[in-house]
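Please look at the sequence and the structure before reading on.

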Amino acid sequence: MITYVVCDIEADGPIPGPHSMISLAAVAVNREGEELGDFEINFLPLENATTHPSTMKWFAAHAPEALELSKQNQVSPKEGMNKFGNWLLTLPKPRVMAAHPAPFDFMWINWYIQTFLADRLEKVPYSMPFFDIKGESAFDIKSYAAAVLEKDYREINRENYPKELYDNTKHTHKAIDDAREYAQLLIKLLNKK
């Protein structure tokens, strides 16, 4: 049975390296809806990185509480990613990363894995042993929803899911809240008949 590790990140800019991941959360679930664990951590900024003005303006206007939460109990990226890696290894195999949308979150998590966990990888550039596929991608909940709901990918967003699948009014941009929401959405989609 697959363990879906539903991840959500918050970042202070659009791309890793010049900007930093400030928060990472994950909720591990299986198709039956059993929660197998959760993880949450806040990161110190990358050395020599800067915040992106437009991103910070967006946080100030739309998610100031999430931004403030991300500043609590920060750890170095190396320490934080090692904690994340250790947690992943406690979860049942096979482990597949999932996100909504996966391209954004995967880009950040993969960059941090390749940068801070390279010495623990079985074969660079793959993310094994942490994720059980070669690690070149993640399960995109948004694409899966488009297929299940028989909609065009561009028609799928947080604002227009059927209420029985997803309630957008609870979206906080706090990484753990969002990961938990998307985990529940994934379970409902996987079991939709």
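The sections below treat the basis of the model, its sheet and its backbone exceptions.

## Basis of the model

The model is predicted: local features need pLDDT of at least 70, side-chain atom pairs count only at pLDDT 80 or more, and totals for chains, interfaces and linings use all residues. Residues are numbered from 1 along each chain as its sequence is written, and side-chain values use heavy atoms, with hydrogens and water left out.

## The sheet

Six strands form an open sheet in the order β4-β3-β2-β1-β5-β6, and the pairing is mixed. At its edges lie β4 (74–75) and β6 (139–140), each of which pairs on one side only. Here helices (H or I, at least four residues) and strands (E, at least two) are DSSP runs, numbered from the N terminus, and two strands pair if DSSP finds at least two bridges between them.

Strand β1 (residues 3–11) is joined to strand β2 (residues 21–29) in the antiparallel sense over eight bridges. Cys7 stands opposite Ala26 in β2.

## Backbone exceptions

Most peptide bonds are trans, and most residues other than glycine have a negative phi. The bond from His100 to Pro101 is cis, with omega near -10 degrees; Pro101 lies in the loop between β5 (95–99) and α4 (102–116). Val124 and Pro125 are also joined by a cis peptide bond, with omega about 15 degrees, and Pro125 belongs to the loop between α4 and β6.

Asn48, in the loop between β3 (35–43) and α1 (53–62), has a positive phi near 70 degrees. Asn48 counts as exposed at 74% relative accessibility, where exposed means over 50% relative accessible area (1.4 Å probe, protein chains only), buried under 20%, and partly exposed in between.
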